[in-house]
Amino acid sequence: MSYIIYNAHIHTFKQDDIPVKFLPLGLVRLLASNFGANVFTHFLNNMNPFSEKDLLDRYVKFIKTGKLGSQQAIFEKCAGYYPDDTRFVILPMDMAFMGAGNVPRNYREQLDELAVLKEIYPKRVIPFVHVDPRRPNYEDIFYHFVEEKQFRGLKLYPPLGIFPYDERLYPIYDYCQRHKLPVIAHCSPYNPVHFRGSNSELEQLLKKSKTPVITKDKSRKEICASFTHPSNYEYVMRDFPELKISMAHFGSAHYWTEYLERPGNKDNWFLIIREMLKTWPNFYTDISFTMSDPSYFSLLKVLLTDDQLLEKIMFGSDFYMVETESDERRFGLDLRAYLGEELFRKIAHKNPKVFLKTK
Ligand SMILES: [Zn+2]
């Protein structure tokens, strides 16, 4: 029996939506020119294989997809790897306030372009609005795209410097709860995409924390993980128990590996999220990015033997944050074959359908 697949987590933002200091070593600017990208690829191919080649290689692919010219082109590239009627949750990014320099294109234009894509593919494209409450008029922007342009949910990216329980988000949570609009929140630690402004600015941002944040001897990546800690959502769930929230990446590969090697660590985000999925009826997770490593498939399959978790885990890929072009197709197919139709249907059809349902 066939069914419509939902990929509950992809990105189509363009290179113009990325701040100039987003990647290290001035890579964004270097790779912006075709000449720069080609020279750089050549340079990578001749490098010592025991270096950071993989990471740099990924940057090159990332920039190449981001340069495709339009969100439509990026979307169609992703959609080509899936059956024709597959539906995609598209998560835009407002990176203007992360302290990584100027973003060439205004965020509003990114959303306008996404709204046009929604008109071209009304069923297949399910756009969310990323809200960073440091943007003036963030509320008006959210309501406009939800009410006038059929955007279908709220996207959060806390490592950029926002706590999920930030009171500026509360009117939007309230609106989402009333209208059954879902929330997808990026949730992985030690993310390279995090607040990059000055230490004193970061200190100001951390003052809003409800729990003490230890900064001594910690890297910026580690400190910024405190913004996005899954336990922060306990406050939100208590205040908005009917609000549907999904933790993207299910704690990340870092914590899946930690669980497999040292299962005793109580502050393992994978364990915390697993517990919250059972505690809160409207709390969900997706397997995007994390599951691009097939060595985690078996643990996922075991998790899906739990009746409660079986209702809460959603399929997503995190296109185009994941490596090579062939991986996207392989990912969907390999995972589907590994899990079997019954389980795959659950995470790629039934659960996202329930999560995304607004009526
Ligand atoms: Zn993502």
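**View 1. Asp318, a buried residue in a loop.** Asp318 counts as buried, because 23 C-beta neighbours lie inside 10 Å; a residue is buried if 20 or more other C-beta atoms lie within 10 Å of its own, exposed if 12 or fewer, and partly exposed in between, with C-beta atoms placed from the backbone. This is a predicted model, where local features need pLDDT of at least 70, side-chain atom pairs count only at pLDDT 80 or more, and totals for chains, interfaces and linings use all residues. Residues are numbered from 1 along each chain as its sequence is written. You will find Asp318 in the loop between β9 and α15. Its phi is near 70°, a positive value in a residue other than glycine.

**View 2. The cis peptide bond between Phe319 and Tyr320.** Here, omega is about -5°. Tyr320 sits in the loop that runs between β9 (313-314) and α15 (325-339). Helices (H or I, at least four residues) and strands (E, at least two) are DSSP runs, numbered from the N terminus.

**View 3. Lys180, a partly exposed loop residue.** Is Lys180 buried or partly exposed? Lys180 is partly exposed, because 15 other C-beta atoms lie within 10 Å. Look for Lys180 in the loop between α7 (170-179) and β6 (183-186). Phi of Lys180 is near 60°, a positive value for a residue that is not glycine.

View 4. Of its 359 residues, 42% count as buried. Two residues are in contact if their C-beta atoms, placed from the backbone, lie within 7 Å. Among contacts between residues at least 6 apart in sequence, 79% join residues at least 24 apart.
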